[in-house]
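Trainee: Hi! Could you walk me through this one? I'd like to start with the strands.

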Amino acid sequence: MKFTKMHGCGNDYIYINGFAEQIAQDEKPALVQKISDRHFGIGGDGAIFINPSDEADFEMEMYNADGSRAEMCGNGIRCVAKYVYDNGLTDKTEISIVSCGQVKYLELFLKDGQVDTVRVNMGAPEFRAAMIPVTAEKEDMSVINEPITVQGETYKMTCMSMGNPHAVVFVEDVEHLDIEKIGPYFETHERFPKRTNTEFVKVIDKNHVQMRVWERGTGETLACGTGCCAAAAACILNGLTFETVTVKLLGGELEITWDREADRIYMTGPATTVFTGEYIC
């Protein structure tokens, strides 16, 4: 099986061309677990299959490192855009990609004939509790700056879906946060029936925030595109930043803009190819 290793701000996935590689659907979860292992496999935060689509120009079929299916990945979708352009599957610099029924629209920026940066229209954030999902008194309620107790400590969280569930928690110190200890308890907290991604955010000023993320099904990653969108929206909603925010991550930076009038969040950031290879299944 041929593959390409790519990353967006250090959020790395194994990309497989579904036009060329035919893998049975029921075999994919176990395969993803094997190839994502950083000691005995290729290594990555998961795997993404790039497939033909009737709904959009391409389909992104994404899996977490534990083999579970994921709905959306902001860093991943930028890399899919780079893959399809750089490998000649399209010559367009404005494309659409669908993942779990969600169609996103992307603008590709080139450098020396290859994709360097991608701007993604990530759509509108969803705040209704039932649609995230997160438990609340009423299904159509929003969970904004609401207390949650995890391991005996109370935090304030703002929840939303960016095509996948997010809980944004503001903290005073991101760098020394024991995320390996607290992250799994947020992910599997009883208030999140489908588990959640958790963003721990420190506001630096009105234009900049610092973030670490615990991703559902993977653990801490160096970046999370949808998580940055959620973090920026939470900051703006709570009056902590302006509507364009630079999010500093362990693996780099992403620029997020929430157009409140159109209710659309735009994410701009890099996409990088690391290497290609062949995995002996």
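Trainee: How many bridges join strand 9 to strand 10?

Mentor: In this predicted model, 5 bridges join strand 9 (residues 146-150) to strand 10 (residues 153-161), and the two run antiparallel.

Trainee: Which way does strand 10 run relative to strand 11, parallel or antiparallel?

Mentor: Antiparallel, with 5 bridges joining strand 10 to strand 11 (residues 165-170). Ser161 has Pro165 as its bridge partner in strand 11. This hairpin has 3 residues between its strands, and Gly163 in the turn shows a positive phi of about 95 degrees.

Trainee: Switching to helices: which residues of helix 1 are buried?

Mentor: Lys28, Leu31, Val32, Ile35 and Ser36 are buried in helix 1, which spans residues 28-36. Seen down the helix axis, the buried residues fall within an arc of 120 degrees, so they line one face of helix 1.

Trainee: What do they pack against?

Mentor: Strand 2 (11-17), strand 3 (46-51) and strand 4 (58-64).

Trainee: Last topic, salt bridges. How many are there?

Mentor: The structure holds 12. In one of them, the side chains of Arg38 and Asp45 meet at 3.0 Å, N to O.

Trainee: Is Asp45 buried or exposed?

Mentor: Asp45 is buried, at 5% relative accessible area, while Arg38 is partly exposed at 48%. Both belong to a network of salt bridges that also links Lys5 and Asp12.

Terms used. Residues numbered from 1 in each chain as written. Predicted model: local features only at pLDDT ≥ 70, side-chain atom pairs only at ≥ 80, totals over all residues. Heavy atoms only, no water. Pairing = 2+ DSSP bridges. Helix = DSSP H or I, 4+ residues; strand = E, 2+ residues; numbered from the N terminus. Buried < 20%, exposed > 50% of the residue type's maximum accessible area, 1.4 Å probe, protein only. Arc of directions from axis to C-beta. Contact = heavy atoms within 4.5 Å. Salt bridge = Lys/Arg side-chain N within 4 Å of Asp/Glu carboxyl O.
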